[in-house]
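My notes follow in the order in which I looked things up.

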Amino acid sequence: MRYIEPHAHMVSRITDDYEAMRLAGCEAICEPAFWAGFDRSSVDGFYDYFCQLTDYEPKRAAKFGLPHFSWLCINPKESEDMGLARDVLGIIPEFLKRSNVLGIGEIGLNKNTRNEITILEEHIDLAAKYDQLILVHTPHLEDKFKGTRLILDVLRADSRIHPGRVIIDHVEEHTVEMVLEAGFWAGITLYPESKATPARAVDMVERAGMKNIWLNCACDWGRSEPLAVPRTAIEMGRRGHSKEAVDALVFGNPVRFLSQNPRFQIS
Amino acid sequence: MTRDQVLDLYFMDARCKLIELAAFLDRVDRSEGEADFRLAALRNALPLLASPNAERAKAVLMALSDPTVDPIPAAFGKGACGAWPGAPR
């Protein structure tokens, strides 16, 4: 089996996780910027974090033969503070020049507030100005349906944005259709409790088709499973899906989306 | 897959989760004090499991979701709890 892990917060994981993912067939890891579990007090904290994502973490991954790519933003959990958010938006362009950066993400909404929407719009503007791919985080639990609709409205309001260059992550059964029907890519996140299980992920793929869907584990400092993607590949096999179909979903699809940025190169 | 194949793969897992849910509701009943909106939201979603609707997972998720459309003025905390406080109780 070979697969791409297109969304993993490896800064929160131990080195053994890199080794386990490599042993399971991982060919590359992509790491979006996210909330650290606490609010950073200034733009300097983000500067250091972006250095970690673009310098230190690729070196850690390389020790296991894993290419490491990153996405940059201020997470919506911290964008309620618009002053801080704009300071962070101001330093992103200098990091977009770094060789492992694939785009802007994971931007989006958390509690669906007006400030979050304003900062989402400003991230989208930045992505459009610098011709970047976009990775979108949709809100958790009871806020997901409303937030996904608001995010789609914001994206569709900017005519510079091409839906095929945007992936909207963390879809579930009540949001996957609206994302795909609008022409965007959809990401299914595999979590033990709060998002999709492997069985539900395969259900969604069987219903919606696998054309523009990727799977990811989004492993971080919370309850999460770095090997969730290969576990879901095994789940597909248990249901009789062919090896070719599994490969298309867990390897071919993320490669197809990510290769829109020529920096995404894997051997 | 045939229905029997689905049952072979998933029946025990579903049985386990169903009993866990029943035990959770028993546990809540044995406890003291008023329950907040989350318990009502869960109880309101239970009949969806027995409905003939072929999209039960989607229906349950919708029953636990905020159905409003307007952004809120400001966030009161960062977390989500899994049910919408504004749902009828």
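**Entry 1: confidence.** I noted before anything else that this is a predicted model. I looked up the overall scores and found an ipTM of 0.96 and a pTM of 0.97. For chain B I read an average pLDDT of 96, with 100% of the residues at 70 or above.

**Entry 2: chain B.** I asked how many helices and strands chain B has. I counted 3 helices and 0 strands. Read from the N terminus, the order of elements in chain B is α-α-α. I then checked whether chain B is a compact globule or more spread out than one. Its radius of gyration is 16 Å, while the globule rule gives 12 Å for 89 residues, so chain B is more spread out than a compact globule. I also took the span of its C-alpha trace along the principal axes, which is about 50 × 35 × 25 Å. I looked up burial next: 9% of the 89 residues of chain B count as buried. Last, I turned to contacts in chain B with a separation of 6 or more, and 40% of these come from residues 24 or more positions apart.

**Entry 3: where the chains touch.** I found 26 residues of chain A and 23 residues of chain B in the contact. Which helices of chain A each supply at least two residues to its side? I wrote down H4 (114–129), H5 (144–157) and H7 (198–208). H5(A) gives the most, with 5 residues. I sorted the chain A side by class and got 14 charged, 6 polar and 6 nonpolar residues.

**Entry 4: strand S4 of chain A.** I picked S4(A), residues 101–108, and asked how many of its residues are buried. The count is 8 of 8, so I recorded the strand as mostly covered. I then looked for its partners. Strand S3(A), residues 68–72, runs parallel to S4(A) and is joined to it by 3 bridges. One pair I located here is A:Leu72 with A:Ile104. Strand S5(A), residues 133–137, also pairs with S4(A) in the parallel sense, over 5 bridges. In this pairing I found A:Gly103 bridged to A:Leu133. I followed the chain from S4(A) through H4(A) to S5(A) and noted a right-handed β-α-β crossover. H4(A) had already come up in my entry on the contact, as one of the helices that supply residues to the side touching chain B.

Terms used. Residues are numbered from 1 along each chain as its sequence is written. Chains are lettered from A and ligands numbered from 1 in the order in which they are written. This is a predicted model: local features need pLDDT of at least 70, side-chain atom pairs count only at pLDDT 80 or more; totals for chains, interfaces and linings use all residues. pLDDT is the predictor's confidence in each residue, from 0 to 100. Two residues are in contact if their C-beta atoms, placed from the backbone, lie within 7 Å. Helices (H or I, at least four residues) and strands (E, at least two) are DSSP runs, numbered from the N terminus. Ala, Val, Leu, Ile, Met, Phe, Trp, Tyr, Cys and Pro count as nonpolar, Asp, Glu, Lys and Arg as charged, and the others, Gly among them, as polar. The radius of gyration is taken over C-alpha atoms; the globule rule is 2.2 Å times the number of residues to the power 0.38. A residue is buried if 20 or more other C-beta atoms lie within 10 Å of its own, exposed if 12 or fewer, and partly exposed in between; C-beta atoms are placed from the backbone. Two strands pair if DSSP finds at least two bridges between them. A crossover is right-handed if, with the strands pointing away from the viewer, the path from the first strand over the helix to the second runs clockwise.
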